[in-house]
Amino acid sequence: GDHVLNDVDGVTNFGIMKHGDYRSIGANVLEMPLYDLGVAQFAELKSNNKGKDSYSWPEYLSRSIMLIGTDYFLLFDEVGTAWRPANRFSWAVAKDHNFPKIVFLSGKAREDHWGKSETRMAKSFHRDGFGSSLVLITHKPKEVKIDGFKESPVPLLNNPNIVEVSPIQKRLDAEGVVPVKTSISHDLVFRSSEIIKLSTPDARFLGRAGVIRRLNNGEEQLSLFSGTLIGSGNYTFELNQENTGFSAIITKTGGVSGRYKALAPTMLSISGDVEGKIFYIDGKPSTVVKTGRDIKVVLNAGEHRWELTKENPVPESPSIIRTEYLKNGVKVYLQRPLGVQIIRTELSEDGGKTWKKGTVTNQNTFSISQSRQTKVHVRAIAVSGKKESTPSFEYPVYFTKEAPHYPEGLNLKIGVNNVFLSWGKVLGVT
């Protein structure tokens with residue numbers, strides 16, 4: 001009832017021209033998976049097809065965001081139909097705030113297709129164009145550059161951080177490949193509505209969305225969000241499912257590991273230095289089929305961690321399941337991963353900002369002595385040889401001489417000749 005503006009007026013948004021208005025992607029069901037692969041993340045919202053009653057479909061097909069580490073992200077707005085509908089990209093901030101660095105990667109717009117506005121509380125700009133839109137945004141304007149491209153600021157905006165780019169020399173790579181340079185890496189980012197095919201001695205890719213990062217310390221980070229093949233250096237990874245998210249980290253010392261998220265069982269083929277190495281999923285060895293320099297393994301559905309190594313694998317993280325108050329401290333109960341003997345603990349007295357070494361145990365419980373603080377956080381780390389798991393989730397521990405708080409809520413379920421009672425959990429009470 002209070003909708004009095006266009007979808008792209010004075011806000012951060014993207015819209016396509018339909019029936020005389022710029023329309024955003026609108027209200028839709030978030031049905032596409034969120035891929036969190038550690039080194040990069042990806043999410044996509046698709047426009048609902050409701051026929052003639054569709055808000056923005058088929059002119060507007062999807063909006064996606066790809067976050068690369070903590071350095072930058074790419075927004076891709078995919079349009080549909082045989083003709084290229086007019087679009088408008090807008091960005092708004094509070095009046096006393098600065099715009100981030102915004103790099104338009106889909107060609108140049110006409111000078112009269114830019115506009116800006118300002119109110120007492122906010123300022124914004126918009127850019128009109130045609131077809132799909134690919135934009136890079138970063139809060140590190142001096143560190144993130146499009147490698148081999150010339151940046152052209154927009155005269156109307158008079159802002160060096162809002163730019164369009166054009167290649168300095170004729171490009172040899174495929175359309176949809178964005179070379180990005182940061183203070184810590186040289187990246188190849190892949191994003192397009194069409195299949196991108198790239199095959200060079202240093203990089204291989206087949207798909208619509210992904211990234212290859214080459215860090216200055218020699219590490220390589222690969223993420224594939226939509227596609228079937230990605231490779232860098234000595235390793236190539238190929239999937240038989242296009243919608244399985246897959247990542248790989250290749251260290252300078254030869255370690256290979258990563259994560260994946262599969263909606264259905266997926267066959268993974270690895271080509272490279274696989275001789276004598278065992279493939280682990282969540283710290284457990286998997287059955288592989290070996291052919292020459294290649295191995296094949298089935299990735300089960302779900303979100304999992306994998307590793308290819310000659311050594312013991314990195315163990316799974318333990319879990320803290322509950323606590324129990326003692327006279328002068330607290331007993332913490334653990335759930336250890338299968339096969340792990342040693343658990344190392346850490347304590348934080350500043351809400352998780354810094355951590356101090358705690359006890360080392362081979363039991364399923366350990367005790368914490370009374371602290372000067374009324375509340376601390378504890379976490380546990382599994383140790384296997386020289387390898388350690390990622391820490392468990394932080395668990396709050398309270399030190400108090402007061403009587404425990406009463407349980408929140410009491411539920412009664414009536415059965416045959418009995419009543420089942422349940423109540424809310426109270427930390428530290430058994």
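In this predicted model, a search of the whole structure finds 23 salt bridges. Side chains of opposite charge can pair when their charged atoms come close.

**Salt bridges**
- Glu-59 and Lys-18 meet through their side chains in a salt bridge, at 3.7 Å from N to O, and this pair links distant parts of the chain, 41 residues apart, with Glu-59 in the loop between β4 and β5 and Lys-18 in strand β1.
- Both Glu-59 and Lys-18 are buried.
- The side chains of Lys-101 and Glu-151 form a salt bridge at 2.8 Å, N to O, and because Lys-101 lies in strand β8 and Glu-151 in strand β13, the pair ties together parts that are 50 residues apart in sequence.
- Lys-101 counts as buried, at 2% relative accessibility, whereas Glu-151 counts as partly exposed, at 26%.
- Asp-71, Lys-140, Asp-187 and Arg-213 are linked in a network of salt bridges.

**Nonpolar cores**
- The largest nonpolar core has 31 residues, and those with the most contacts inside it include Phe-237, Phe-246 and Trp-306; strand β16 gives the most to this core, with four residues.
- Apart from it lies another core, of 24 residues, among them Ile-68 and Val-165.

**The largest pocket**
- The largest pocket holds about 770 Å³ of space, and among the 30 residues that line it, Arg-259, Arg-305, Glu-316, Ser-317 and Thr-390 are the closest to its centre.
- Strand β27 supplies the largest share of this lining, five residues.
- Arg-305 and Glu-316 also meet in a salt bridge between their side chains, at 2.5 Å from N to O.

Definitions and conventions:
Residues are numbered from 1 along each chain as its sequence is written. This is a predicted model: local features need pLDDT of at least 70, side-chain atom pairs count only at pLDDT 80 or more; totals for chains, interfaces and linings use all residues. Side-chain values use heavy atoms; hydrogens and water are left out. On a 1 Å grid over the protein atoms alone, a cavity is a set of points where a 1.4 Å probe fits but cannot get out, and a pocket is an open set with protein on both sides within 12 Å along at least five of seven lines; lining residues have an atom within 4 Å of a point. Grid points are joined across faces, edges and corners, and a volume is the space filled by probe spheres set on the points. Helices (H or I, at least four residues) and strands (E, at least two) are DSSP runs, numbered from the N terminus. A nonpolar core is a set of buried Ala, Val, Leu, Ile, Met, Phe, Trp, Tyr and Cys residues joined through side-chain atoms within 4.5 Å. Buried means under 20% relative accessible area, exposed over 50%, partly exposed in between (1.4 Å probe, protein chains only). A salt bridge is a side-chain nitrogen of Lys or Arg within 4 Å of a carboxyl oxygen of Asp or Glu.
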